[in-house]
Amino acid sequence: MSTPPAPQPDRTPAHPAPGRPPHAPAAEGAGHGAPPVPERTGTIAWALGFLAYLPIPFLGLIVAGVTQLIVGLRQRQHGGLAAVNGVRAANWGLTQLCWPVLMVLTIVLGLLTGTPAPSGGVFFSPAMEVLAVTMIGLFFLVSVMEAVYAIVGTVMASKGRRVKLPVIPFLRTPRD
């Protein structure tokens, strides 16, 4: 006759971790190394678009664009979906950075082609005034698009989906 196996000791901790029910089983693989790392999807690169809403007008869009560009490109090292979504976010960062460049060019062109004012300023020509007003309108359009892109991009990437929002393709998207 064989002897019955000895009862195994209870491995439930006496004091559970915060947020864990008192009788919840330990995580699978606990004690056998680090827990599995979730798949990276490039969500962070899209979520950083919310930096555009820093309370400093104009500067927020520049900070968001540069941050999305840098973090998006860093997602390439993770490969797969993170790389694809990261490069798409970097392309959006570059796309939205076109606005400040165009605005600076508009102001410089207006100053160079304008006529001096008696008070020390410069009068823009009528065409430059229209262009300057158009650029201010573009600022508001890009601001609204940044909110939409940040929300949609973050949600899609967090669900593990490829973000396919239209952007200017400055950078080539890696193949899966």
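Asn85 counts as buried because its relative accessibility is 0% (buried means under 20% relative accessible area, exposed over 50%, partly exposed in between, with a 1.4 Å probe and protein chains only). The model is predicted, so local features need pLDDT of at least 70 and side-chain atom pairs count only at pLDDT 80 or more, while totals for chains, interfaces and linings use all residues. Residues are numbered from 1 along each chain as its sequence is written, and side-chain values use heavy atoms, without hydrogens and water.

Let us stay with Asn85 for a moment. Asn85 sits in helix α3 (helices are DSSP runs of H or I with at least four residues, numbered from the N terminus). A polar atom of the Asn85 side chain lies 2.9 Å from the backbone oxygen of Thr41.

| Residue | Contacts |
|---|---|
| Asn85 | Thr41, Gly42, Trp46, Ala157, Arg161, Arg162 and Val163 |
| Val167 | Arg88, Asn91, Trp92, Thr95 and Tyr149 |

Val167 also belongs to the largest nonpolar core, which has 11 residues, including Trp46, Trp92, Tyr149, Ala157 and Val163 (such a core is a set of buried Ala, Val, Leu, Ile, Met, Phe, Trp, Tyr and Cys residues joined through side-chain atoms within 4.5 Å). Helices α1, α3 and α4 each supply at least two residues of this core, and α4 gives the largest share, three residues. A second, separate core has eight residues, among them Trp99 and Phe139.

Now for α4 itself, residues 126-158: its 33 residues should span 48 Å at 1.5 Å a residue, and the end C-alpha atoms are 47 Å apart, which agrees (the expected span is 1.5 Å times one less than the number of residues). Just after α4, Gly160 takes a positive phi of about 80 degrees.

Methods:
Polar contact = N/O pair within 3.5 Å; in protein donor to acceptor, adjacent residues only side chain to side chain. Contact = heavy atoms within 4.5 Å. Lists of a residue's contacts leave out its neighbours within four places in sequence.
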